[in-house]
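Please keep the sequence and the 3D view open as you read.

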Amino acid sequence: MTEPTSPNVTAGGRVQLARPKEPYIPPREWIRDNLFSTPFNSILTVLFTALVFVMTRGMLGFIFGHDRRWEAPATNLRFLMTQAYPDEQYIRVWFTFGWILALAGLSLAAWNAAPRVGYRNLARKAASVGVAVALIGLVAPAMSTSGRLQYVLIGAIPMAAGIIALKILDNHDTRDMSAFVVQVLVVAGIILSLWTVPYGQHTFVDGAARVDSGTVAQSTKLPLTIMLLVIIAAFYVGRTIRPHFKQLKAVLGGIWLLSPFILTTLVLRDPAFDSGHLLSTDIPIGLAFALGGGAILWLLSSAKAGETGRIAAAIILVLAFASFLTPMRMIVRIDALMLAGAALSSATFAGSREARLRFVGGWMGAIVIVNWLVTATNTPSTVFGLPTGTFYGGGLTLTLIITSFTLIFAFPLGVTMALARTSKMPIFRVMSTAYIETIRGIPLITVFIFFAIMLPLLLPDGMEVAKIPAIVIGYVLFSSAYLAENVRGGLQSIGRGQHEAAEALGLTTAQKTLMITLPQALRVSIPPLVGQAIGTFKESSLVLIVGLFDLLFIARNVIPNTSGFLGAQREPLMVASFIYWAGSYSMSKASQRVERKLGLGER
Amino acid sequence: MTASQTEHPATTRPPLWRDAVVVKWVAQVFTLVVVVGVLIFLVTQAKTSLNDNGIRTGFDFIKTNPGFQLAEGIDTSPATGGRALYVGMVNMFRITFVGIIFATMLGVLVGLGRLSGNWMVEKVSTVFVETIRNVPLLVQIIFYDAVITQLAPVEFGVGPISGWFMVTQKGVSMPRIFAADGFYQWAVVVLVGAVVARFVYRHEVDRRDETGQDTKPGFKAMGTIVAFGLLGLLIHPLFGFLGPIFGGIARVIGAIPPGAVQLALIALAATAVVIWIRRFWASFDGPSGRAKLTDDDWFRIVFAGIGGLLVAAVVVLWPGLSAWIVHSTHDFFRFLETKFEFGNWSRPLDGMRPGVIKPDRFTSFSPNGLTMSRAFAAVFLGVVLYTASFIAEIIRGGILAVPKGQLEAADAVGLTKGQKLRHIVLPQAFRVILPPMGNQYLNLAKNTTLAIAVGYSDLVQVGQTLYNQSGRTIEVMAIWMLFYLSVSLGLSSIVNFWNVRLKLVER
């Protein structure tokens, strides 16, 4: 490629190419070139303009129609978000939301992901938003004259501001500002308007409009303002500590991974811990595995362990499997299996004192987290006082929970499958090939039906699994097959030279896979993996068919059956579609940015 | 570790538990045993659970009366459970085939629209793609269903076609086009015209290459077909002589004993499998010897063998099949015989015109015209729009993947716009487009299962009703799996076949 002509060195020390100047084209020329270049093009332009007009008018007629009942989704917004989460505990939902926003703000700062937007571009966008708003007033059928005037006047403000700004700014102005600031300002405007406009009165209790006052749970304007402040504060905190805190990205990544577990088991469920049981059983088991296991791993990861270490690891593995044949607490079996896995891989982490310390420290952290979460999951919830495993929420919350847990568990399983399918060991290869091809050949809905109906029958006596975990298990098995294919594509793109170089260095197979092959393969597979994550989010709506109360189920079956809004199905469905659309669209845009940043597909 | 390696010479075998070969095989066999063990455990567990719950198992429900009616399909009150499932399968194929055709057409148009130089066209296509593909298909299907359900009856069409299209709560109706008297005879004339047109085209192309004049071969070929079409209006009764010929063929076929057909079919299946495997095998021979077969390839070979065996088994175990083949072929030729009879012709100008039956202004399903039920329309619309938005992206990507140098070279050689498209862009783009396109068709076929949400009687919906009635959950699920696996494998082998044919021969 050509040498960069005028490199700019940013604060982070990275070299960026200067943005090429956009040539300025006068509007008349632009219209001639882009709309009326040939007679055929002119016809197309006229036809498509007519099409757009008719479609927009139809759409607006639908949205503003006199018989539309937008108060159905507005009043039941809380249903859509969390189903019937109890009022007095609603602060937990806001805490969850705040946690996610804080993490998002910190991550935006840590990854320096805020793109910039040019002044001219901004002015153009403001003007086009103004035009769009004014057009709503002009085009929409069935609207009062005063309503039309309102829209036109509101639209005129940004339109005028944008056009004036474009006139003032030089045609080749290259100044820009953070897009994050612009987005926050827009959202802040919307949220702050809640304080003045009286639409806060649609409070969401049993279809009856309630005055927007009282507890935090009923009001949205105060919590939403706090949420706004949280994300702004998190962003600026993240920006301040970024230069001083080298591990920020790794720590944030870890918290993101743990968040679904912490938020669902501890925050939303609020388990009622029994301190006696905790002290007599749970804490001793955890301590024993953390300290005893840590000591074993410390010895095994020593350079002198050699053959004895491997034999010891094998014995632990056998013991761990044997634990499933004897009556024992499930948590002990899980811990033992984890210990066996760690012991087998301990040779990979052998080396300096610091490396061994990190290994043992990681083990202790993992044991603490796993034991804590398993205990919390098995403790009854105080929020509803329902038995173990029964879930307490629905709507968008459930959709997000299913999506995030599926992604988290499908990832390691899928990567394992991909490695097995590309490995040189025939039985592994055939097994994973058969699995992947079978799963990919059957529709997701049959998998869901199978796991909803059949899983309870497949489990041994005394073991129960609620519907949501059963569905998540099925979804994990399903997605991992697709994920494996995406990762396999990445694995196959790695040149032979990399393998040969790794072998020449004397790396073991595990080291080669973990340090050479996988990082490169996963980097290449980022675009398809994000696409799959979007698909997982979208297709989680299929749980409707097995009767889980996800976002779509509430929009389609619950709200149209609430008193006062009987039969109002299209309005909540529109809102649900918009939520799905906003989620998928923003994810795909973000992934395109990451792709550009990583320079994928440009070599 | 490195220390121990230098101490031992490389030739000594490591101890058994350090031997890579041994360890790898032990790990594999161990995993296999664990997986098989878990599966066996689950199956026995399922059996005991089912026994405990008093649920009987077995495939007898296929032969007994299912005791329910289907909303739509070739047979709305099936006599047996198997027949009900068959109707569900046919319904699934109905929507899949029509969906694939329409989704491809729409997707190609939108994909080209996104590459258009016209700003308006490009924006409309982009908004279409970005909106449709980011909303889950199930949400769309349910939404379309809700919209149609709550719709006041709408009639479309202006002027002479006023009232030809109707959307009501019961479904969508449109005119049905049917063949008028003498149409078949006229079609034969046009067919002959098409063959002649091909010769004309060849000839004119050769002439252009020799003389360098623009002889307009495409234009002349089209003219030939039109000329034959017009001629056919006058002379089509002449082709009535085909009627007795078809009648003769029908009588000959009717005399064939089904047993012979059975034998022929088995032989055909065996030959097909052998030829397929040999071809497949040979396709791996390259200049540098035989390429290594991957597991996928082995999988396919084994599957082809099993498929052949299954076909043979079906033919042997189900003698009705060959009888059915004989019958239907016989009936087909009988049908042609009646259509080609000498008496079956019309006045010159009516011969080619297809008849149109307007749908009734209906409150119930109109017997005339074509109707789509509400559920069919919702699923069809959802599946077509959703798949089209993905196909559009594939088409766009494929065309953008053609290197710019190729187009510049084509310009330099002096190819016209059409030639550039036909000889340079499309062949290269097609290679990139085909594999993901096949995937989209597969997705479409699998996505038709969402029909269950709006009550369209596809295989999953019928199966669910069936197991709710009979309690045979495992059996129904096994049938689902078998069916969808065979559909997937069948579709993917068709795509693979084209893929192999189009593949660049790499050196």
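Helix H1 (residues 2-7) of chain B has the lowest mean pLDDT among the elements of that chain, 46, while H12(B) has the highest, 93. Taken as a whole, chain B averages a pLDDT of 81, with 86% of its residues scoring at least 70.

For chain A the mean pLDDT is 82, and 89% of the residues reach 70 or more. Two stretches of chain A deserve a careful eye. Residues 199-204 of chain A have a pLDDT below 50, yet the model gives them 21 contacts beyond near neighbours in sequence. Residues 211-217 of chain A are also below 50, with 15 such contacts in the model. Where pLDDT is low, the predicted coordinates should not be read in detail. For the model overall, the scores are ipTM 0.85 and pTM 0.83.

## The two chains

Chain A has 603 residues, of which 29% count as buried. Its secondary structure consists of 25 helices and four strands. If you take the contacts in chain A with a separation of 6 or more, 75% of them join residues 24 or more positions apart.

Chain B has 507 residues, and 29% of them count as buried. Here the secondary structure comes to 16 helices and eight strands. Among the contacts in chain B with a separation of 6 or more, residues 24 or more positions apart account for 74%.

## Where the chains meet

## Helix pairs in chain B

Two packed helices are described by the angle between their axes and the distance between the axes. Take helix H8 (residues 242-255) of chain B and helix H11 (residues 320-340) of chain B: they pack at an angle of about 165°, and their axes are 7 Å apart. An angle over 145 degrees counts as roughly antiparallel, so H8(B) is roughly antiparallel to H11(B). The crossing of these two helices, H8(B) and H11(B), is left-handed. In their contact, the H8(B) residues include B:Phe246, B:Ile249 and B:Ile253, and the H11(B) residues include B:Val326, B:Phe333 and B:Leu336. The residues of the contact of H8(B) with H11(B) comprise nine nonpolar, five polar and two charged.

A second pair to look at is helix H6 (residues 183-211) of chain B with helix H7 (residues 217-235) of chain B, whose axes come within 8 Å and cross at roughly 155°. That angle makes H6(B) roughly antiparallel to H7(B). The crossing of H6(B) and H7(B) is right-handed. Their contact has 17 nonpolar, four polar and three charged residues.

B:Ile394 lies in helix H12 (residues 374-400) of chain B. Is B:Ile394 buried or exposed? It counts as buried because 21 C-beta neighbours lie inside 10 Å. Leaving aside residues up to four places away in sequence, B:Ile394 touches B:Ile433, B:Pro436, B:Met437 and B:Gln440. B:Ala312 is 82 residues away from B:Ile394 along the chain, and their C-alpha atoms are separated by 39 Å.

In chain A, have a look at A:Gly489, which sits in helix H20 (residues 467-492) of chain A. A:Gly489 is partly exposed, as 14 other C-beta atoms lie within 10 Å. Not counting residues up to four places away in sequence, A:Gly489 touches A:Ser525 and A:Pro528. A:Thr422 is 67 residues from A:Gly489 in sequence, and the C-alpha atoms of the two are 10.0 Å apart in space.

Definitions and conventions
Residues numbered from 1 in each chain as written. Chains lettered and ligands numbered in written order. Predicted model: local features only at pLDDT ≥ 70, side-chain atom pairs only at ≥ 80, totals over all residues. pLDDT = per-residue confidence, 0-100. Contact = placed C-beta atoms within 7 Å. Axes fitted to C-alpha atoms, helices over the stretch in contact; angles between N-to-C directions. Parallel < 35°, antiparallel > 145°, perpendicular 65-115°, else oblique. Left-handed = near helix turned anticlockwise from the far one by under 90°. Nonpolar A, V, L, I, M, F, W, Y, C, P; charged D, E, K, R; others polar. Buried ≥ 20, exposed ≤ 12 C-beta atoms within 10 Å, placed from the backbone.
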